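I set out below what I looked up in this structure, entry by entry.

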Amino acid sequence: MIASVPLVAGVLLLGWRPQPTVPVDERAYVATTVAVGGGERAAALQLYAAGQFPGACERFSRAAADNPKSPVWRQDVARCFEAWGRDVLRQNRPEEALLLFRQGLKALPDDPALLKAAGIAAIHGGRPSEALEPLERATATEDDVEVRLLLARLYDQRDQTDLALAHLTALLAREPGHAAARRLLEKIERERRVEAAFSRETTEHFVVKHRAAGGEAVRPVVQALERAWERVGDQLDYHPTERVTIVLYEGVQFHDVTRVHGWVTGLYDGKIRLPLGSGLPSGAALDQLVVHEYAHAAIHELSRGRTPRWLQEGLAQYLEGVRVDPLLRGPGGLTLGGLEALIGDPDSARARVGYDIALWVTEDLVIRGGLASVRTVLMRLGNGDSIAAAMTQVYGMRLAELESQWRNLLGG
Ligand SMILES: [Zn+2]
């Protein structure tokens, strides 16, 4: 089971509207500063306004080198590289964008807009740990609620809750009604109450948090996790870059913290959460459960949080070794949009049908192109493709055609 993990999916909303050329606020900047400087500056501004950033930034940089003390030229260089970097980031080239933002930071090392942009590019490039330093420096200069929320989410995922809470407290002091910040604060406080007495162990690939005395109950889970790391890693040809956090709960704690239905046996929401004791199966069933939840973590990272829920659940079931019931029949008018709604249905019987069909669709994709094709879909999603675009690229037909074939095969 997967719950929403909003970190990366939300990142592009932070002031990154689609902007074909120079955004309006930057045009205003151009207009107010055009009076300063000579003909070369006018030429550079013209290139900038036309979105020809390489030429514009080069001219601005040359002029800045000639006038090292002029704050106007430094602003020019910084804004030019910022606009160029944003343009490149919109084309899903986060590594390049990061280099451009760093170039701008050479002119204005404490510029909050450039620091924020560098942090976002690092997250977008799948390296959230490198986002912390620029985002922290950005908030030191300018108290931006979106940056604080982003930092809180980053620290929460890294299990550094004190730092997450500090940012949330500062944010809510400024904007007490900020709903997303409140939700995150409540989630973190709920977890902290339960996990206060938990110990923390670091294994080769995992951080394991639990309260079990002696660790007898924990060892089989850790062994299953390491097997899952190998198995899913082989199948998807991918391993997460950082350790994945697992929290093991006792008794009713699991449902208190996760707020999921009684029938849910495990959860991934950025951390893997599993119940210990009677809530946890043993033997092959334990392996299946752990592979399923670990698969969510790997799929999430590989696609930078952009995999739709049906594919998350379909692929997690496939990787744990569940196979489709050959008698499965789908509801009429099956589309991926409908499937996404069905799998999130609050009615557990309907959600169960959604899980079965998600597995069926995933199996069909594996039959068409192997697991490697599904991996390519995940990577394309991670690079910003829509699911329709990724499917067309990988399977060579429009999504509507695929959906129509599925409807025919499932007899809906
Ligand atoms: Zn799942």
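**Entry 1.** I looked up leucine 114 and found that it counts as buried because it has 27 C-beta neighbours inside 10 Å. The cut-offs for the term are 20 or more other C-beta atoms within 10 Å for buried, 12 or fewer for exposed, and partly exposed in between, with C-beta atoms placed from the backbone. The model is predicted, so that local features need pLDDT of at least 70 and side-chain atom pairs count only at pLDDT 80 or more, while totals for chains, interfaces and linings use all residues. Residues are numbered from 1 along each chain as its sequence is written.

**Entry 2.** I noted that leucine 114 belongs to helix 7; helices (H or I, at least four residues) and strands (E, at least two) are DSSP runs numbered from the N terminus.

**Entry 3.** I turned to helix 6 and helix 7 (residues 112-124), whose axes come within 9 Å and cross at roughly 160 degrees. Helix 6 is therefore roughly antiparallel to helix 7, the term applying to angles over 145 degrees. Axes are lines fitted to C-alpha atoms, for helices over the stretch in contact, and angles run from 0 to 180 degrees between N-to-C directions. On the helix 7 side, the contact includes Leu114, Ala117 and Ala118, and on the helix 6 side it includes Phe101, Gly104 and Leu105.

**Entry 4.** I then examined helix 5 (residues 71-90) against helix 6 (residues 94-107): the packing angle is about 175 degrees and the axes are 8 Å apart. Helix 5 is therefore roughly antiparallel to helix 6. Among the residues making this contact are Ala78, Phe81 and Glu82 of helix 5 and Leu100, Phe101 and Gly104 of helix 6.

**Entry 5.** For the chain as a whole, I counted 19 helices and 5 strands. Buried residues make up 39% of its 412 residues. The C-alpha trace spans about 75 × 55 × 40 Å along its principal axes. Of the contacts between residues at least 6 apart in sequence, 60% join residues at least 24 apart.

**Entry 6.** I finally noted the division into domain 1 (6-142), domain 2 (144-196), domain 3 (197-302) and domain 4 (309-412), with bounds from an automatic or database domain assignment. The centres of domain 2 and domain 4, taken over C-alpha atoms, are 34 Å apart.

Methods: Angles under 35 degrees count as roughly parallel, over 145 as roughly antiparallel, 65 to 115 as roughly perpendicular and the rest as oblique. Two residues are in contact if their C-beta atoms, placed from the backbone, lie within 7 Å.
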